[in-house]
Amino acid sequence: MGLCLCPVCRKLNVTSNSHCRRCFSQLSSRNYASIQQSWALLVTATILLVVANIYPITLLTNRGVVTNDTIFSGISHLVKTGMFPIAIIVFTASILVPWLKIIGLATYLTAISFNLPISKRKLMVGFHIIEWIGRWSMLDLFVISLTVALVNMGQLLDAKPAPAATAFALVILLTQVAAKVLDTRLLWDRLENTDDTN
């Protein structure tokens, strides 16, 4: 339609104008800085996810004996005790979903930044999968809080979230923000310019 929104005063302007007619701010129809912002958030989230997998995520006190559990040791403990459905939920929410989301976002950012020859159909399917995965990102923290609430009902057991829980929550937050700040119109512009019919 040839219109763009002023990022400062929110006035609609004609895209041929270089500055807003109301507040004289510089106009741009695309947010090219969103790529760098999204990369920075994604790299930070990746580092924090490694930290969340190395350090303990739960702290369990049983009759005075304190036990630290990382994500992997917690899953293996659930498997050893025969709680396979919960182990699958924790594995999916703690390891599979965050890594899939990071890999998917990195693929999108790489496709935009370096003009990767990925077909339009694959990118669209991947985009919808990332959106769907984002809805389940907080499942692991929900499982931890539920477990802590159930365990703390007894007198001899005490369970608390450990430092890795904070890192994991930040991973979820940063990946959500990385997906939100990315101007996806840059990707569709690239696809239209390359005449991708696959």
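## Starting at S73

With 25% relative accessibility, S73 counts as partly exposed, a label for values between the buried range (under 20% relative accessible area) and the exposed range (over 50%), computed with a 1.4 Å probe on protein chains only. S73 sits in helix α2. Helices here are DSSP runs of H or I with at least four residues, strands are runs of E with at least two, and both are numbered from the N terminus. Between the C-alpha atoms of S73 and I57, which are 16 residues apart along the chain, the separation is 9.8 Å.

## About the model

This is a predicted model, in which local features need pLDDT of at least 70 and side-chain atom pairs count only at pLDDT 80 or more, while totals for chains, interfaces and linings use all residues. Residues are numbered from 1 along each chain as its sequence is written, and side-chain values use heavy atoms, with hydrogens and water left out.

## The overall layout

The protein chain contains 7 helices and 5 strands. Along the sequence they follow the pattern β-β-α-β-β-α-α-α-α-β-α-α. Of the 198 residues in the protein chain, 33% count as buried. Contact means heavy atoms within 4.5 Å. Among contacts between residues at least 6 apart in sequence, 62% join residues at least 24 apart.

## How α1 meets α6

Helix α1 (residues 33-54) packs against helix α6 (residues 163-181) at an angle of about 160°, and their axes are 8 Å apart. The axes are lines fitted to C-alpha atoms, for helices over the stretch in contact, and angles run from 0 to 180 degrees between N-to-C directions. The angle makes α1 roughly antiparallel to α6; the scheme calls angles under 35 degrees roughly parallel, over 145 roughly antiparallel, 65 to 115 roughly perpendicular and the rest oblique.

The crossing of α1 and α6 is left-handed, a word used if the near helix is turned anticlockwise from the far one by less than a right angle. The α1 side of the contact includes S34, Q37, L41 and L48, and the α6 side includes A164, F168, L170 and V181. By class, the contact of α1 with α6 has 16 nonpolar, 5 polar and no charged residues. Here Ala, Val, Leu, Ile, Met, Phe, Trp, Tyr, Cys and Pro count as nonpolar, Asp, Glu, Lys and Arg as charged, and the others, Gly among them, as polar.

## How α1 meets α3

α1 also packs with α3, at an angle of about 155° and with the axes 10 Å apart. That makes α1 roughly antiparallel to α3, and α1 passes α3 in a left-handed crossing. Among the residues making the contact are I35, W39 and N53 of α1 and I95, W99 and I112 of α3. The residues of the contact of α1 with α3 divide into 14 nonpolar, 6 polar and no charged.

Which residues does S38 touch, leaving aside neighbours within four places in sequence? S38 is in contact with L109, A178, V181 and L182. S38 is found in helix α1 and, at 0% relative accessibility, counts as buried.

## The nonpolar cores

A nonpolar core is a set of buried Ala, Val, Leu, Ile, Met, Phe, Trp, Tyr and Cys residues joined through side-chain atoms within 4.5 Å. The largest one has 32 residues, and those with the most contacts inside it are I35, I57, I71, I75, I112, F168 and L187. At least two residues of this core come from each of α1, α2 (71-80), α3 (84-114), α4 (120-134), α6 and α7 (185-194). The largest share, 9 residues, is supplied by α3.

I71 touches A52, N53, I57, S94, I95 and F168, not counting residues up to four places away in sequence.

## Loops around β2

S25 belongs to the loop between β2 (12-14) and α1, and at 16% relative accessibility S25 counts as buried. Beyond residues up to four places away in sequence, S25 touches C6, V8, S18, H19 and C20.

Most residues other than glycine have a negative phi. R10, in the loop between β1 (3-5) and β2, has a positive phi of about 65° although it is not a glycine. At 54% relative accessibility, R10 counts as exposed. F24 lies in the loop between β2 and α1 and also has a positive phi of about 65°. F24 is exposed, with a relative accessible area of 61%.
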